[in-house]
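Thanks, everyone. Let me put the structure up, and then we can walk through it.

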Amino acid sequence: MKKITAISVQKKNSNRVNIYLDGEFAFGLARITAAWLKNGDMLSDEKIAKILSEDMREWAYQQALLYLSYRARSEKEIQQNLRKHEVPEDVIEGTIERLRTAGLANDSEFAQAWVENRSTFRPRSKRALTVELRQKGLDNETIQASLSDVDEEALAYEAGLKRATRFKGHEWSEFRKKLSEFLARRGFSYSVIAPIVSRIWNETNAESQINKNEDIS
């Protein structure tokens with residue numbers, strides 16, 4: 001048995017405390033883990049092991065919350081981050097389950113949010129989105145559900161319309177080549193690209209012709 005002789009708040013992290021046993025530093029703990037400990041308590045090796053296990057679980061959960069504070073993450077991303085910090089697999093599983101219960105880990109919601117964000121700011125094809133979501137560790141069923149309402153033609157048009165401003169003044173052949181290559185890099189197929197490029201060309205040139213006529217008049 002070992003006796004707690006001091007408990008002090010860590011200088012660099014006020015959410016953790018240092019535990020001293022028999023007059024010597026023994027280990028650090030999250031304040032929530034150490035909440036029931038006090039000077040004079042006697043700890044067996046078994047009790048110490050249990051406390052350290054609880055602390056690891058709490059640390060892993062706090063690390064996951066920190067990781068999620070920057071942006072939403074898939075469960076695979078959270079797992080990979082915890083493995084990088086050498087968290088044991090059983091603790092990782094428990095952390096993921098705890099996050100699910102709190103509504104902080106949900107691959108279906110993550111996939112939907114990812115698709116909506118991409119569609120708004122960086123439109124790309126279903127194929128490209130599928131690749132991205134697979135890299136995030138999502139299963140095919142979840143991916144397909146998130147893509148069920150995606151309109152590829154609408155996305156290609158939005159992406160192409162934004163990009164077309166860079167090709168103002170180009171001849172048709174150069175315009176078609178550059179815009180087609182751009183949309184292909186976004187994962188769109190030729191069957192989608194060809195009519196969209198023609199549509200944007202016709203619209204932008206029709207606007208240019210109207211402006212010219214207004215200047216003449």
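Start with strand S2: is S2 mostly covered or mostly open, and how many of its six residues are buried? It is mostly covered, with five of the six buried. Keep in mind that this is a predicted model.

Now the sheet around S2. Four strands make up an open sheet, and the order across is S3-S2-S1-S4. The pairing is antiparallel. Who stands at the edges? Strand S3, residues 24-30, and strand S4, residues 42-43. Each has a single partner strand, so one side of each is left without a neighbour in the sheet.

Next, what packs on the sheet? That is helix H1, residues 45-68. H1 touches S1 (2-9), S2, S3 and S4. The direction of H1 makes about 40 degrees with that of S3.

Let me go through the pairings. S2 covers residues 16-21 and is joined to S3 by six bridges, running antiparallel. If you want a place to look, find Arg16, which stands opposite Ala30 in S3. On the S1 side, five bridges join S1 to S2, again antiparallel. There, Ile4 has Leu21 of S2 as its bridge partner.

The hairpin of S2 and S3 has two residues between the strands. In that hairpin Asp22 takes a positive phi, near 50 degrees.

One reminder for anyone tracing side chains. In a regular strand, side chains alternate between the two faces of the sheet.

On to the aromatics. How many aromatic pairs does the structure hold? Five. One I want to show is Tyr20 with Phe25, an edge-to-face pair. The centres are 5.8 Å apart, with 75 degrees between the planes. Are these two buried or exposed? Tyr20 has a relative accessible area of 25%, so it counts as partly exposed. Buried would need under 20%. Phe25 is at 48%, and it also counts as partly exposed. The cut-off for exposed is over 50%.

Phe167, Trp172, Phe175 and Trp201 form it.

Two arginines also sit over rings. Arg73 has its charged end over the ring of Tyr67, 3.8 Å from the ring centre. Arg199 lies over the face of Tyr157, at 3.7 Å from the centre of that ring.

Now zoom out to the whole chain. It comes to nine helices and four strands. What is the pattern along the sequence? It reads β-β-β-β-α-α-α-α-α-α-α-α-α.

And the overall dimensions? The C-alpha trace spans about 95 × 40 × 25 Å along its principal axes. The radius of gyration is 28 Å, while a compact globule of 217 residues would have one near 17 Å. Buried residues make up 37% of the 217.

Last, the contacts. Take those between residues at least 6 apart in sequence: 51% of them join residues at least 24 apart.

To recap the sheet: S3-S2-S1-S4, open and antiparallel, with H1 packed on it. Happy to take questions.

Methods:
Residues numbered from 1 in each chain as written. Predicted model: local features only at pLDDT ≥ 70, side-chain atom pairs only at ≥ 80, totals over all residues. Heavy atoms only, no water. Pairing = 2+ DSSP bridges. Contact = heavy atoms within 4.5 Å. Axes fitted to C-alpha atoms, helices over the stretch in contact; angles between N-to-C directions. Phe/Tyr/Trp six-rings, centres within 6.5 Å; stacked < 30°, edge-to-face > 60°. Buried < 20%, exposed > 50% of the residue type's maximum accessible area, 1.4 Å probe, protein only. Lys NZ or Arg CZ within 6 Å of the ring centre and 35° of its normal. Rg over C-alpha atoms; globule rule 2.2 N^0.38 Å.
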